[in-house]
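Subject: Structure handover

Hello,

Here is the structure I promised to pass on.

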Amino acid sequence: MRQRTATGDFPIDSDADQNSATSASVTDDHERGLWINADWVALDDAPPDVSLLQHLREQERLTGTKEGCASGDCGACSVLVHAADGGVHAVNACITPLGAVLGAQVVTVEGIGTPEAMHPVQRAMVELHGSQCGFCTPGFVAALAAHTINGTAEGIADGIAGNLCRCTGYGPILAAGRIAFDVIAREHAAVARDALPVLGAAAPTHLAAPRYRRPRDRAELHAAMRDGWPLIAGGTDRWLGVSQQFERPPGWVDVSVVRELMRLEYERDELIIGSAVTVATLEAFARERSSLLTEMLRRYGSPQIRGRATIGGNVGNASPIADWPPVLLALGADIVLSDARGSERRLPLAEYWRGYRETVRAADEYIVEFRVSGPIDWAALKVFKVSKREDDDISTVLGAFYLQRDGAIVNKARVAFGGVAATPVRLPAVEAALVGRAADDAGDALVALDTALAPITDVRASADYRRAMAAALLLRALDDAPEPQTLQELLD
Amino acid sequence: MSRPHESAVGHVTGTANYVDDLPQPADTLHVATGYADAARATIAALRLDAVRAAPGVVDVVVAADIPGKLDVGPVYPGDPLLADGELRYAAQPLFAVAATSFAAAQRAARMIDVDVEPQPAILSVADALAADAAVLPSRHWHFDAESAATPSTPPAPPTQEATRIAGKRYIRGQEHFYLEGQVALAIPEDGGELRIYSSTQYPDEVQHLVAGVLGIPMHRVRVVCRRMGGAFGGKESQAASLACIAALFAWRTGRAVKYRMPRRDDMIQTGKRHDFHADYELACDAQGRLVDAKVTLAGKCGHSPDLSEGIVDRAMFHFAHAYYVPKIDITGHRSRTDTVSNTAFRGFGGPQGMLVMEAALDELAHAAAIDPLKLRRTNLFAPGRDVTAYGQRVEQFVLADMLRRLERDCDYRQRQATAREFNARHKRFKKGMALTPVQFGISFTVAHLNQTGALVHVYADGSIEVNHAGTEMGQGLHTKMIEVAARVFGVARERVRVTATQTDKVPNGSPTAASAGSDLNGMAVQRACLMIRARLAAFAASQAGESLGAAESTPAREDVRFRDGDVSVGAWRQSFDALVDAAYHARVQLSATGFYATPEVHFDKEAGRGKPFYYYAHGAAASEVVIDVTTGEYRILRVDILHDVGASLQEAMDRGQIEGGYVQGLGWLTTEELLWDDAGRVISNSPANYKIPTAHDRPRELNIDLYRADNPQPTIRRSKAVGEPPLMLAISTWCALRDAASAAGEHAVLPRLAAPATPEAVFWAVREATGASQDAS
């Protein structure tokens, strides 16, 4: 047993650390390492090809956490991370760089509860037959333990949307989640965190390692970029290069805690969304503004992914089927890029993509933020996602629309899609065919739409279906009838 | 009385070990295989210098390095462990590399340098049928009630055909997606022996094949399987090649060797559920009685036979499903394609055969304007209409009652009327409903596999260890075996432990497959327990006689009772533990083996005649769905299931199998789309693009009830097999989606609907139902 912490004293004073983060190199005053369950584990470095999962299983011999896919799709590797913000979230350890959790506390299934002292989630899973083969089970336990802290008893299916089970059909797991809520409420006076026996009381802070740089402001970032190491944010896409392709870069520059990139605020009349803002943060932001955007984000990845994935990463990987680009295009956002000296340029987001997985971003540039000018009429934003599976699936087609009208007449239109061309697209010709006409007079817009699209047939759908979906989603967006527009609305 | 799974606490606390979790020797090597991208090709040159020179590499093997047999085909030859001069499918292993870490092996395997000469490849069932390409000969079974009539079944009066339909259907396969990928760990032991930890449904075959590959007798190979992280048929034959390669490296290097497949390799290098193409005709008379049926079923077997003989047979057995058809022609082709060899998957061909019939019945009902449920009910096997297409007489007729009960208990007709009103009110959304039965034959259709053994020890302290040849993959087999043993000895379940399945404890076992795990092993375990109990009863009787003294006669051993941890006869009583201790000191043997072979089953494959199944398991499901006609998106609103497990051995395990089987079937028929590209590569090669159901895909309301009726056959405590049959309950949901698409065109057309019914497939079905052409938008 390593050093134990009964009181939860973490070795770093977070406030002091935040304020002293101005030097060009990452501070190195403290012992490096992370908390794993109740133990402080000292580490000299975080090798750039070692994930949190590998470290847990191979170095710590904590084999309760499983590898099911090594791509963040199955959730068998879910563990809890008690991070700098004090929150406790489930992450996929298979695509979380070890370096990204230095200084944080990681709680594995072994720390959530033991056979002698089980967590309420574990007890409920046993009593309600929530495990069959058992391989996915530790991941479900972690996801449910996180959900009892962050979620609601009604939203359990959302809490486990990133966890695949091939045996049970999910019913017993959902039931176990509901029971666990009751038990926790009864036994822990509604403080679900207290059900985690190993959780430290103080918030930890961020640390870095020689081969895993975690700059905390842009000055540090620019210094950290000196060796041309690849940039990484949440890693939910980028780390697949390591976990699937066995890439071994010399080191990483992690941009996820660069203070200036984490802004989500209004500056004068502009909404600024920093590139390191996580999808989970935006989900909370959207909840007060747009039910359709919220609904899309509920289906975006999984809780494990949303907690780590950033909007900058989603745009930066240049995927034609990413879900944020069409939304940002429909909002008329600009993108701000910076080079390693801090020299910035701002351009309309539509000009960012040049071709399939190709953008105007230079090798030494990074995305600073997205800026949306002028007041946003959130009711004008409509976002619809079509995918093969409801949850945690990459979109077949995603349509995002910003439509304002004066009576029946459309007087402002921005139309954007993902999944219908080699890049995310905004379609001015369709917008032009809409403006100045009644919303139900969309014939010309549909013709313009069909001309503008260049979808492909792939594993997700046929080109014909994608074409048909683009039209169907545009018509859905134009339909202002009070009847339900989506299955979700029908059934809610 | 339903206890948790025997490993439940281990599962939820992460203390239940899987092969990759076992402590491994310090110098353990890790394996990866290298492959080329071509589907069918000759290998012109294979240069492995870079692989050998890669960091951490300790050994590299190609086909020529195998000391014993290269072929690891489970039934028929055709599966070389490593490619031998020619490539048979894209991603076929060409060589294997052992290195000091998992990543080092993976990186080294990518340094392959190979020249291939591509050959024309057959990549689809249609191409295989055109080219007459098959892995095994086709079979043709013909049944005619008139000529098959016996005194007990007089020929049915001739019927007049009134309605006939014909069609073609393509059913896609399915990736197992067990959460634990394929894995084996080989450890060299004393005297040239090997211990293999394998995630396998069939330890004995792993033992047999490892011995064959190394050219050593089976008694030098010991295979251990404590549990699998899911299998579903995917670890019946597919687990062996990993164990063989790990064993080969262990043999060569003297080091422990682990071969764990990364998910992507697992998805492209191991077999899946067969795609099937079907060509069918079906006719009924004016009363809706089936007159005749004709079907050609072609399974996409891949490059080798593997288990495809039995799989296509089972599709043929289950085509007529639960229905009496007086005249029937069934042809089964085992199509050879230059793709990975397809394999066992829960249902083993049965689901595909059944889906063809259920879809055809809906077409016939639509054409004849008969209610689909009425048509199904009219044609169920019944006394006098009880002979299957393969000559087996059906002896239990519970489906009529099950359909009636389910229809009543889930308010099927009332909800159908409500759905019709809903459809009249809504333009964008349409509801659909269907109620379909399941009748699934239980037994291995290869007769010799219907055997197993058990070894039971009662230790001197009264604790009991049970070993049997069945494997635990989550289905709760060990939990059921604990029930069986605890019941025989009348002790608490905590006193019984089931160990890892080990080939040196129970030899020559069969795969845990064909839903037969508890049927077979339950009987073997029970027999072994009964043997020990008989010895203990005799001992107890003599003890009781002694304590009663000469005045009384010694009680009969048959009167000895084992109950609640006590053993008693008359007024004499002792705790089980005390009796065992005394018996041990009195030198009573406290260990026994049990053996069981299923009686009655036999089958002539060529003639298509016999009794392949010991009995049938039944089920019925009613589904209600709603679709968005503008996109094809859907939600499963409600599913009601009534399932026949005989007298349940363990209700929680049985319910778990029913729900899990249904949802797995739902995945097969909805979101799981197994796709290849034009070069023969699997493109649904990751969970990012192959979508098994999540919690939200489960029906919003799912009600499961057990149909309580003893198995008429003397199975273990009159229970029934439950592993596979529930998967086919999902056919009702597919039929309901089709009904909803049809509703979009006011039921003028019953559209084709692809299987799986992805949102895209439902969208095209709606287009067909509403008469719009596909390219209009």
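A residue counts as buried when its relative accessible area is under 20%. By that cut-off, strand E3 of chain B (residues 57–61) is mostly covered, with 4 of its 5 residues buried. Please keep in mind that this is a predicted model.

E3(B) has a partner in strand E5 of chain B, residues 93–99. The two run antiparallel and are joined by 4 bridges. In this pair, B:Val57 faces B:Ala99 of E5(B).

**The sheet in chain A**

Chain A holds an open sheet of 5 strands. Its order is E2-E1-E5-E3-E4, and the pairing is mixed. Which strands stand at the edges? They are E2 (39–42) and E4 (88–92) of chain A. Each has a single partner strand, so one side of each lacks a neighbour in the sheet. On average, neighbouring strands here are turned by 35° against each other, direction ignored.

Look next at E1(A), residues 33–36, and E5(A), residues 105–107. They pair in the parallel sense over 2 bridges. A:Ile36 has A:Val106 in E5(A) as its bridge partner. Helix H2 of chain A (residues 52–59) packs on this sheet. H2(A) touches E1, E2, E3 (78–82) and E5 of chain A, and its direction makes about 70° with that of E1(A).

**Two helices in chain A**

Helices H4 (residues 120–127) and H5 (residues 137–150) of chain A pack at about 130°. Their axes are 9 Å apart. At that angle H4(A) is oblique to H5(A). The crossing is right-handed.

Which residues make the contact? H4(A) brings A:Val121, A:Gln122 and A:Met125. H5(A) brings A:Thr137, A:Phe140, A:Val141, A:Leu144, A:Ala145 and A:Thr148. The contact residues divide into 6 nonpolar and 3 polar, with no charged ones.

**The sheet in chain B**

Chain B has an open sheet of 4 strands, in the order E16-E27-E28-E29, with mixed pairing. E16 (429–442) and E29 (701–707) of chain B are at the edges. Each of them pairs with a single strand, so one side of each is left without a neighbour in the sheet.

E28(B), residues 634–644, runs parallel to E29(B), and 7 bridges join them. There, B:His643 stands opposite B:Leu706 of E29(B).

Two helices of chain B lie across this sheet. H13(B), residues 412–425, lies across E16, E27 and E28, at about 145° to E16(B).

Best wishes

How values were computed:
Residues are numbered from 1 along each chain as its sequence is written. Chains are lettered from A and ligands numbered from 1 in the order in which they are written. This is a predicted model: local features need pLDDT of at least 70, side-chain atom pairs count only at pLDDT 80 or more; totals for chains, interfaces and linings use all residues. Side-chain values use heavy atoms; hydrogens and water are left out. Buried means under 20% relative accessible area, exposed over 50%, partly exposed in between (1.4 Å probe, protein chains only). Two strands pair if DSSP finds at least two bridges between them. Axes are lines fitted to C-alpha atoms, for helices over the stretch in contact, and angles run from 0 to 180 degrees between N-to-C directions. Contact means heavy atoms within 4.5 Å. Angles under 35 degrees count as roughly parallel, over 145 as roughly antiparallel, 65 to 115 as roughly perpendicular and the rest as oblique. A crossing is left-handed if the near helix is turned anticlockwise from the far one by less than a right angle, and right-handed if clockwise. Ala, Val, Leu, Ile, Met, Phe, Trp, Tyr, Cys and Pro count as nonpolar, Asp, Glu, Lys and Arg as charged, and the others, Gly among them, as polar.
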